[in-house]
Amino acid sequence: MSQRGEQSSGFSSSAAAPSGLSAALSLARARRSAVLFHSGEYRNAPSKHLHTFITWDHQDPAELRTAARKELFQGRYSTVKYSKTAVSAVAKLPDGTFRATDATGSAWVGDKLVLATGCWGKQIYHCMFCHGFEDTGAKSAGLLAIPPLINKDMCFTLACMVRQFSASLTYYTNANQQLTNEIQLLLKPEAAMKVDGITVHFADGTSVHEAFLAYQPKTEANVGMVKDLGLEISPSGADLKVNAPFNDTNVAGCFAVGDVSTPLKALAHAVGSGSFASPAIVQQFIKEGRAITLESLDSSLLTGELRSQ
């Protein structure tokens, strides 16, 4: 973040995930000062491959993040700094700036705040575009038809996608007879729904082995460090309320990008949201009279701007 002054600007991202890196890159290209905080925690940490992201399909997510950090911090950009520490708390000060306290106890002050915080379990797939293809030909797979996934139409739609990869499918309704009956009415008479993957254990001691399970679990927005800001959260509790297309929140100067800002938790969307938020931040700076000319932005100013309190 930056110290406020005639030509200073500030920005904070609470995770060096793709959405935060994307936002930071746009700010770097606009020659705005920023600090990117890296908590080391990622929503897709259990996943060994990322998908549906052109030129990076079926590659390790860690390699994408490493390449992005190298591009941002070891290349031609110098206005964005990198702090490999998590943010533990954020407060808005009376003058409208934000103070972020990191895990070491250091405090940082900046004019704007971008939240890029964002779980997948092993062999439990919430998105059949991101996962499933690699399991093509599996003997069987399961669908967890348990809260919040208890709508028969949602279950059936997800089941049809699962069946693209598996010879058979079993609905696990946790003894919800009404849902079982509703789903059965949607099935064709010959489509009785009943590899190496995951074992489902039942209360009676029996178990069954599936190649994978499909489920849409309830998620919770990872915003504990900013609980005092008064940010509005969606009714589901899974993400923050933001205004499209630039993802500003109800708190002036605060933006949210990536998985914490949308129910569409996908890499391409996360990266796009980061690149949308930063131009809005720059426009706000200009309207607030903090435009920076190339002539006045020298290396000494950049060094002096970024500081911890």
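Here is a chat about the helices, strands and sheets of a predicted model.

Me: Hi! I'm new to this one. How many helices and strands does the chain have?
Reply: Welcome! The chain has six helices and 14 strands. Keep in mind that the model is predicted.

Me: And what share of the 309 residues is buried?
Reply: Buried residues account for 46% of them. The accessible surface of the chain is about 15700 Å², and carbon and sulfur atoms hold 55% of that surface.

Me: Let's look at sheets. What is the strand order in the open sheet of three strands?
Reply: The order is β4-β5-β6, and the pairing is antiparallel. The edge strands are β4 (87-92) and β6, each of which pairs on one side only. From one strand to the next, the twist averages 20 degrees.

Me: How many bridges are there between β5 and β6?
Reply: Four bridges, with strand β5 (residues 98-102) and β6 running antiparallel. If you want to find them in the model, Phe98 stands opposite Gly110 in β6, and Thr101 has Ala107 in β6 as its bridge partner.

Me: What sits between β5 and β6 in the hairpin?
Reply: Four residues lie between the two strands. Gly105 is in that turn and has a positive phi of about 95 degrees.

Me: Staying with β6, are its faces covered or open?
Reply: Both faces of β6 (residues 107-110) are covered. Ala107 and Val109 lie on one side, Trp108 and Gly110 on the other, and all of them are buried.

Me: OK, on to the open sheet of four strands. What is its order?
Reply: That one reads β8-β13-β9-β10, with parallel pairing.

Me: How are β8 and β13 joined?
Reply: Two bridges join β8 to strand β13 (residues 213-214), and the two run parallel. Ile124 stands opposite Leu213 in β13.

Me: And which strand does β9 pair with over four bridges?
Reply: Strand β10 (residues 169-172), in the parallel sense. Gly142 has Thr170 in β10 as its bridge partner.

Me: What about the faces of β9, covered or open?
Reply: Both are covered in β9 (residues 141-144). Ala141 and Leu143 are on one side, with Gly142 and Leu144 on the other, and all four are buried.

Me: Changing topic: at what angle do α1 and α5 pack?
Reply: Helix α1 (residues 18-29) and helix α5 (residues 267-287) pack at about 35 degrees, with their axes 7 Å apart.

Me: Is that crossing right-handed or left-handed?
Reply: The crossing of α1 and α5 is right-handed.

Me: Which residues meet there?
Reply: From α1, they include Pro18, Ala23 and Leu27. Among those in α5 are Leu267, Val271 and Ile281. By class, the contact of α1 with α5 has nine nonpolar, seven polar and no charged residues.

How values were computed: Residues are numbered from 1 along each chain as its sequence is written. This is a predicted model: local features need pLDDT of at least 70, side-chain atom pairs count only at pLDDT 80 or more; totals for chains, interfaces and linings use all residues. Side-chain values use heavy atoms; hydrogens and water are left out. Axes are lines fitted to C-alpha atoms, for helices over the stretch in contact, and angles run from 0 to 180 degrees between N-to-C directions. A crossing is left-handed if the near helix is turned anticlockwise from the far one by less than a right angle, and right-handed if clockwise. Contact means heavy atoms within 4.5 Å. Ala, Val, Leu, Ile, Met, Phe, Trp, Tyr, Cys and Pro count as nonpolar, Asp, Glu, Lys and Arg as charged, and the others, Gly among them, as polar. Buried means under 20% relative accessible area, exposed over 50%, partly exposed in between (1.4 Å probe, protein chains only). Two strands pair if DSSP finds at least two bridges between them. Accessible areas come from the Shrake-Rupley method with a 1.4 Å probe; for residues, only the protein chains shown count as cover.
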